[in-house]
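This report describes the fold, the nonpolar core and the charged pairs of one protein model. The sequence and structure are shown first.

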Amino acid sequence: MKLVIAIINNDDCPTVLSEITKAGFSATKLSTSGGFLRAGNSTLLIGVEEDKVDSLIEIIGKFSCKRKQIVQASTTFNAEFFTSVPVEVNVGGATVFVVDVDKFVKL
């Protein structure tokens, strides 16, 4: 038995949850926030048999899309005034951890 911990963007969460449910997986969703952009994320906790881990990760990857987003960089002092330059960064995608589970009980 494995525990899959998937951290995904909030924008992708409804689709990912829907697709993994259609595939027969159950998940617990936790609302979390990222450190870099302090953006909202969702962390999914999914107990799964070892032979189904790859198919689960494939679904998560297919529906967790990366995209570019414009964010304001830190403010700098320029001669007589403060300026903030927009910067393009990649957001989205998924971070997935797979860990061994000694025991899994669904009550």
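## Charged pairs and fold

Asp100 is exposed, with a relative accessible area of 61%, where exposed means over 50%, buried under 20% and partly exposed in between (1.4 Å probe, protein chains only). The model is predicted: local features need pLDDT of at least 70, side-chain atom pairs count only at pLDDT 80 or more, and totals for chains, interfaces and linings use all residues. Residues are numbered from 1 along each chain as its sequence is written, and side-chain values use heavy atoms, with hydrogens and water left out.

The structure holds two salt bridges, each defined as a side-chain nitrogen of Lys or Arg within 4 Å of a carboxyl oxygen of Asp or Glu. One of them joins Asp100 to Lys2. Because Lys2 lies in strand β1 and Asp100 in strand β8, this pair ties together parts that are 98 residues apart in sequence. In the other, Lys22 and Glu19 are three residues apart in helix α1 and so separated by about one helical turn.

| Salt bridge | N to O distance |
|---|---|
| Lys2 and Asp100 | 2.2 Å |
| Lys22 and Glu19 | 3.4 Å |

Lys2 is buried at 14% relative accessible area. Lys22 is exposed at 64%, while Glu19 is partly exposed at 22%.

Helices (H or I, at least four residues) and strands (E, at least two) are DSSP runs numbered from the N terminus. Four strands, in the order β2-β3-β1-β8, make up an open sheet with antiparallel pairing; two strands pair if DSSP finds at least two bridges between them. Its edges are β2 (28-33) and β8 (94-100), each pairing on one side only. Strand β1 (residues 2-9) pairs with β8 over seven bridges, and Leu3 stands opposite Val99 in β8.

Helix α1 (residues 13-22) lies across β1, β2 and β3 (40-48), at about 15° to β3. Helix α2 (residues 53-63) lies across β1, β3 and β8, at about 5° to β1. Axes are lines fitted to C-alpha atoms, for helices over the stretch in contact (heavy atoms within 4.5 Å), and angles run from 0 to 180 degrees between N-to-C directions.

The largest nonpolar core has 14 residues; such a core is a set of buried Ala, Val, Leu, Ile, Met, Phe, Trp, Tyr and Cys residues joined through side-chain atoms within 4.5 Å. Two or more residues each come from β1, α1, β3 and α2, and α2 gives the most, with four. Phe25 is among the members that touch the most others.
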